Amino acid sequence: YVLARLAYERGDQQTALARLDRAVAQAARDGTTEPQYVYMRARLLGELRDPRADAEFWRFMNMDGIPYYNLALAAFFRQTLPGAQLTEERKRDLGWARAVMQDELGRSGLKETRLNIEAIDKLLSGGTASYQKLDW
């Protein structure tokens, strides 16, 4: 995972993805799942405009024990993928994500959370939001 981040920071997204793939596979061989690895792989696949990103976000969103805020981010980023359709299910997911982020905004006041809420509002009104750069 650390080597994936270093590769990404050097601008080598393909090596970063290969290293994330290895980290996920190693965790599976060890009989565990590392949600952070799956989440970052979904984000990187999205950044690469790889169609597997949607399924990887779905996988992350269905893992046990994920904090609501992280699930909300995944629901939001999933909708910013190329070709994402605003289905009724995804509208519900985005509405839920917005509520979670609004609650977090009240606690933290983080600018990033406010910007995510604004982007969700654009998506819910039929607009688009750009895919955000990875933040390891």
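View 1. The model is a predicted one, in which local features need pLDDT of at least 70 and side-chain atom pairs count only at pLDDT 80 or more, while totals for chains, interfaces and linings use all residues. Residues are numbered from 1 along each chain as its sequence is written, and side-chain values use heavy atoms, with hydrogens and water left out. Helices (H or I, at least four residues) and strands (E, at least two) are DSSP runs, numbered from the N terminus. Cover is judged by contact, that is, heavy atoms within 4.5 Å. Buried means under 20% relative accessible area, exposed over 50%, and partly exposed in between (1.4 Å probe, protein chains only).

**View 2. Helix α7 (residues 111-124) has its buried residues on one face.** The end C-alpha atoms of α7 are 20 Å apart, which agrees with the 20 Å that its 14 residues should span at 1.5 Å a residue; the expected span is 1.5 Å times one less than the number of residues. Thr113, Asn116, Ile117, Ala119, Ile120 and Leu123 are the residues of α7 that are buried. Seen down the helix axis, these buried residues fall within an arc of 165°, so they line one face of α7; the arc is that of the directions from the axis to the C-beta atoms. An α-helix has 3.6 residues a turn, so residues three or four places apart point the same way. After α7 comes Gly126, with a positive phi near 95°.

**View 3. Helix α5 is mostly covered, with nine of its 12 residues buried.** The buried residues are Leu71, Ala72, Leu73, Ala74, Ala75, Phe76, Phe77, Arg78 and Gln79. Their cover includes α3 (35-47), α4 (53-61), α6 and α7. From its first C-alpha to its last, α5 reaches 17 Å, close to the 16 Å expected at 1.5 Å a residue. Over the face of Phe77 lies Arg43, at 3.7 Å from the ring centre; a charge sits over a ring if NZ of Lys or CZ of Arg is within 6 Å of the ring centre and within 35 degrees of the ring normal.

View 4. Rings of Phe, Tyr and Trp (its six-membered ring) pair if their centres lie within 6.5 Å; planes under 30 degrees apart count as stacked, over 60 as edge-to-face and the rest as tilted. By this rule the count is five aromatic pairs. Tyr1 and Tyr37 have ring centres 4.9 Å apart and planes at 15°, so this pair is stacked. Tyr1 is partly exposed, with a relative accessible area of 25%.

**View 5. Tyr39 and Phe60 form a tilted aromatic pair.** Their rings are 5.1 Å apart centre to centre, with 45° between the planes. This pair also links distant parts of the chain, with Tyr39 in helix α3 and Phe60 in helix α4, 21 residues apart. Tyr39 counts as buried at 8% relative accessibility, and Phe60 counts as buried at 3%. One aromatic cluster is formed by Tyr39, Phe57 and Phe60.
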